[in-house]
Amino acid sequence: MTERPTSGTDRSLAARLAASRLATRAVIVVERAWPLVLPFLLVVALFLSAAWLGIFTRLPDMARLGLVGLFGIAALAALYPLRFFKSPTASEIDSRIEAANALLHSPVRVQTDRPGGQAGDFAQALWREHQKRMAARLGSLGTDLPSTGVARRDPWAVRAVVALLLVVALAFSYGPQGGRIGDAFLAAGTRDAVPPRIDAWVTPPTYTGKPPLFLSADATRKDATFTVPQGSDVTVRITGGANEETVVYDEASGNSREIKPDAPAASDTAAADQPAIADAPRQFNGKLIADGALVLKSADDELGRWSFVVTPDTAPQIRFAGEPRRAANGTAEINYQIDDDYGPAKALAEFKLAEQQAPNARPLYGAPEMPLALPRRGAKNNAARTTKDLTDHVWAGASVKVTLEAADGAGQIARSETKTWTLPERPFANPLARAVIEQRRILALDANARPRVLDLMDAITLRPEDTFDSMSNYLGLMSARSRLKLAGTDDELRGVVSYLWDLALGIENGSLSNAEKRLRQAQQALQDALQNGASDEEIDKLMKELRQAMADFMREFAQRNPQGKEQPLPDDARVLSENDLKRMMDQIEDLAKSGDRDKAQQLLSELQDMMNNLRTARRQGQNQQNSEMRQQMDKLGEIMRRQQEMMNETYRTDRQQRGRNGEEGSEQDMPGQQGQQRPDSNEGQQNGGGDKPMTPEEFADALKQLQEGQGKLKSDLEKLKKGLEGMGLEPNEGFGEAGRSMGDAEQSLGGGESGAAVGQQGRALEALRRGAKDMMQQLQAMQGDDGNAQGSRQRGANRDPLDRPTRSDGPDDNSTVKVPDQIDMQRAREILEAIRKRLGNALSPEIERSYLERLLNLK
């Protein structure tokens, strides 16, 4: 028999018992209810899975209603076991608490029990004492977890399969083919269509270089206006929906243009036999020609609207930048400017004969072709220049009308004004070669003049002993006459014309013409490869061909102009040495491999210009005084070189000492090295970690040697100053400042201050450069004995084609070099290595990797 706790029970004990009983009641309810409710939950989960998987949308109405009814019956049947549910009693709860906490002698039930029968005072006191002792055992009361026993009832784990199916169905419902719960109760005719997914974007024409514009991004607003180039392609892709969507483009002028969906792509026969998918994506493509708005509708509902401002594509403009000119070696050179909003796609020069030909003339060749190089991006005033050797064309030497033509990516064509110009021809000094070229021109311009050409050949070969110096030339001309006489087609006649050209070149220059031709072909092949983004292997191959062609040309050029046939240089002549050519080709190859192909093309163009304007004359020997001046300036150049090397060595020694002391080296350039590479940058990279630290003894010995060398260099500078003064030159303050800086550097090296010595040596080098520049100006003024014209001629003669002092006239301090320095190529390599290293990091964001890949693919 149970009742409420006695009045002697502690209040805190009553609170703990109440909480424990409530938790135990919940556990027992879950144990008894879960096996009874689980069948109903499984039926509900199966119903939701069928709805989300879209099964009801794919069934006819009768089958759908039958399936829904089946689920309803199953749900009612699953609820029937709930009638057997029984709530737990107080005694069952107390027993569960005692069992869960392993309590002996029923201490929980003792608190609510009372003695049976009529108990006396002693019995009551004894019972209360027993309750107190049992209450003392009730410390922290807990409860156990529910034990539903579902595993015994479902040994095949069907409940897990149903749960997995429910999760998959829920994820599938978010797709275009997913269903909704309401589909089970809607007829097929009244069921709503799948909400469409809309993707829209604009693709500008490729030649504009602009990226695609995504219209259906989250940031897009309906009232936004997009500016796009004219001719852009707009695409709208719809997935799902009612398959009734329409796309209309409303132009600002009031015209409306409906954009039809693309026809499905043709497939093979097996795919054509398969039924079409009702919810297959539909795509609409159209062109944006004028301002307007793109409207997407489904029946009367507007699903999207995008407004566009179309930027018209202006036609290009091309014009001459000066008169067409002839280079020294006869190549045609045209300077021009091309303006276009997105850059031109192609350009060419069109030639027409200025003089009208005879009505019955039958020319064998058309006008010469001369494609024009396009301006580089960022070029000043969009200027460009094209040179081409047209001296072998049959129109060479004729008066022509030149018109430039340019076309942009949209196909718009622009034409320049027309200029009348005499097409450059190759000069022939040999009278026989001139006669052959004249016969070639007559035959090429009019095939009907073949009898006349034969007569002229007969006249030339009438007395061969008086006309020909070489029997091979006579045999060549007789061979040409026989081929001309036997020619029956225009192709054979063109073969005779080509043979006459080769014959004239052989008579005039021998093998030099072929070497020059190979050189030009090699230059053009390398130029095309740089423009087309050829691989490094292709660049290596073409550079080898260019070097070989250049060597052959220079060898033949020297043989044709021996020392005994030197001629005085013109007033504006500049000297080009083989070392200059080799150095320029090395720089072209390094720039191309480092990725800076724009500079490589520019330098190659400068090399072509220099070869086009190459002169055959050389300077005459100078008098004894000029020779002595040249020797003194050479000594100055040697002093500057030694000072540069000493500064490099001092800097390297200082860095090694700081590495031994654990100091962080400065990454700034050394004094006097602005814009140049640090002397140890390459060496440090090659050694993989910098120079090896020096011991104190090694450091002291190195500074002592540097101090002695600096003192010797200062002494040599003083001797040079005295020698220059003895020749009538006045060394400027730069030499005095250089001497003082050298002395300071010598003292700093003696005191172990290598870092300070580097700066002082740099100042000495800069002062030497200023002094050298002043000495060159004085020397040029002294050599200009014939007035301003002679002085101008001498200044031009003292500069090479790159506008630098020639080696024979003094030191080359690299202060006026216009071509890329070694530091530019080294930094380009370092940048490329950093980009490749960053690309190799698998943790780099995808957007960063995409950007770096585009950097490596730039042309």
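What follows is a chat about a predicted model of a protein chain.

Reader: Before we start, what should I know about the model and the numbering?
Author: This is a predicted model, in which local features need pLDDT of at least 70 and side-chain atom pairs count only at pLDDT 80 or more, while totals for chains, interfaces and linings use all residues. Residues are numbered from 1 along each chain as its sequence is written, and side-chain values use heavy atoms, with hydrogens and water left out.

Reader: OK, how many helices and strands are in the protein chain?
Author: The protein chain has 25 helices and 17 strands, where helices (H or I, at least four residues) and strands (E, at least two) are DSSP runs numbered from the N terminus.

Reader: And how much of the protein chain is buried?
Author: Of the 859 residues, 39% are buried, and that word means under 20% relative accessible area, with exposed being over 50% and partly exposed in between (1.4 Å probe, protein chains only). As for contacts (heavy atoms within 4.5 Å), residues 24 or more positions apart account for 74% of those with a separation of 6 or more.

Reader: Let's look at α9. What is its reach from first C-alpha to last?
Author: Helix α9 covers residues 431-445, which is 15 residues, and reaches 21 Å, close to the 21 Å expected at 1.5 Å a residue; the expected span is 1.5 Å times one less than the number of residues.

Reader: What sits at the start of α9?
Author: There, a side-chain oxygen of N430 comes to within 2.9 Å of the backbone nitrogen of L432. L432 is also buried, as are others in α9, including V436, I437 and L443.

Reader: How does α9 pack against α10?
Author: Their axes are 9 Å apart and the angle is about 165 degrees, where axes are lines fitted to C-alpha atoms, for helices over the stretch in contact, and angles run from 0 to 180 degrees between N-to-C directions. That makes α9 roughly antiparallel to α10, on a scale where angles under 35 degrees count as roughly parallel, over 145 as roughly antiparallel, 65 to 115 as roughly perpendicular and the rest as oblique. On the α9 side the contact is made by L432, A435, Q439, I442 and L443, and on the α10 side by R450, R452, V453, L456, M457 and I460.

Reader: And how do α10 and α12 pack?
Author: Helix α10 (residues 450-460) and helix α12 (residues 471-486) have axes 10 Å apart, at an angle of about 155 degrees, and that makes α10 roughly antiparallel to α12. Among the residues that meet there are R450 and L454 in α10, and L477 and L484 in α12.

Reader: Switching topic, is T386 buried or exposed?
Author: T386, which is in strand β15 (residues 383-388), counts as buried because its relative accessibility is 7%.

Reader: Which polar partners does its side chain have?
Author: The T386 side chain makes a polar contact with the side chain of Y336 at 2.6 Å, and it reaches the backbone nitrogen of A373 at 2.9 Å. A polar contact is a pair of N or O atoms within 3.5 Å; within protein, one must be able to donate a hydrogen and the other to accept it, and residues adjacent in sequence count only if both atoms are side-chain atoms.

Reader: Last one: where does V162 lie, and what does it touch?
Author: V162 lies in helix α7 (residues 158-172) and, not counting residues up to four places away in sequence, touches L42, A45 and L46. V162 and L42 are 120 residues apart in sequence, yet 6.8 Å apart in space, C-alpha to C-alpha.
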